[in-house]
Amino acid sequence: HGHWLRNLDAPRSRGLFWRNIIRIVRAIGLIHAQGLVHGAVGEANVMTDGGELPDFQLAGFEWSLVLSETKEGERTHARVSPDAAVLRPRSYSFAEDWRCLGLMIGGCLERPGSSAGRVLGPNGGLKAEANLSPGERRLLKRLLTPSRGDQLEAHAIIQAIEDVLVGLGRTAQT
């Protein structure tokens, strides 16, 4: 048995996982709407009680960068605190926050005991042989390696997750 996060192959657990991820996507969307980049999206900055209801919360805002704040007569520049070096991503951007979310999701889905197997390749891309639903595969590909046409905005990502949840519901029924 074990905790639901250790049993993501079960449709109920997988659905709860994706509903929790929607909470993180909303948080990232709110941060981005304020002109901020989180800069450290990952398992270390997601809090949960681990209960049976979605409760994931995004923390780690001390690493966030203001991209739109200016002082009188000063040009806008993102400033990085020296303390941020510990969790520094490869770049600071809205797209990098979404990529880090995709890496976190992939890491959760490839835990031991999961039929998803190895989801992420050595370069952080999506492995072709990963046992994911088509909706999960499309969503992770969008987050990890977006094309020019991919919308990296919270509402579009939430819609993609809702499509994944519909697919999980159909799988559970059959």
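In the protein, 45% of the 174 residues are buried, a label given to residues with under 20% relative accessible area, while exposed means over 50% and partly exposed lies in between (1.4 Å probe, protein chains only). The model is a predicted one, in which local features need pLDDT of at least 70 and side-chain atom pairs count only at pLDDT 80 or more, whereas totals for chains, interfaces and linings use all residues. Residues are numbered from 1 along each chain as its sequence is written, and side-chain values use heavy atoms, with hydrogens and water left out.

The fold comprises 4 helices and 4 strands, arranged from the N terminus in the order α-β-β-β-β-α-α-α. Here helices (H or I, at least four residues) and strands (E, at least two) are DSSP runs, numbered from the N terminus. Of the contacts between residues at least 6 apart in sequence, 56% join residues at least 24 apart, a contact being heavy atoms within 4.5 Å. The accessible surface of the protein is about 10,000 Å², with 51% belonging to carbon and sulfur atoms; such areas come from the Shrake-Rupley method with a 1.4 Å probe, and for residues only the protein chains shown count as cover.

The expected span is 1.5 Å times one less than the number of residues. Just after helix 1, G35 adopts a positive phi of about 80°. Helix 2 (residues 94-109) reaches 23 Å from its first C-alpha to its last, close to the 22 Å expected for its 16 residues. Most of helix 2 is covered, with 13 of its 16 residues buried.

The loop between helix 3 (134-144) and helix 4 (154-173) holds D150. D150 counts as partly exposed because its relative accessibility is 28%. Beyond its neighbours within four places in sequence, D150 is in contact with R142 and T145. The C-alpha atoms of D150 and L139 are separated by 9.9 Å, at 11 residues apart along the chain.

Finally, the largest pocket has a volume of about 280 Å³. Of the 12 residues that line this pocket, L5, R6, E43, C108 and R111 are the closest to its centre. On a 1 Å grid over the protein atoms alone, a pocket is an open set of points where a 1.4 Å probe fits, with protein on both sides within 12 Å along at least five of seven lines, and lining residues have an atom within 4 Å of a point. Grid points are joined across faces, edges and corners, and the volume is the space filled by probe spheres set on the points. The lining divides into 7 nonpolar, 2 polar and 3 charged residues, where Ala, Val, Leu, Ile, Met, Phe, Trp, Tyr, Cys and Pro count as nonpolar, Asp, Glu, Lys and Arg as charged, and the others, Gly among them, as polar.
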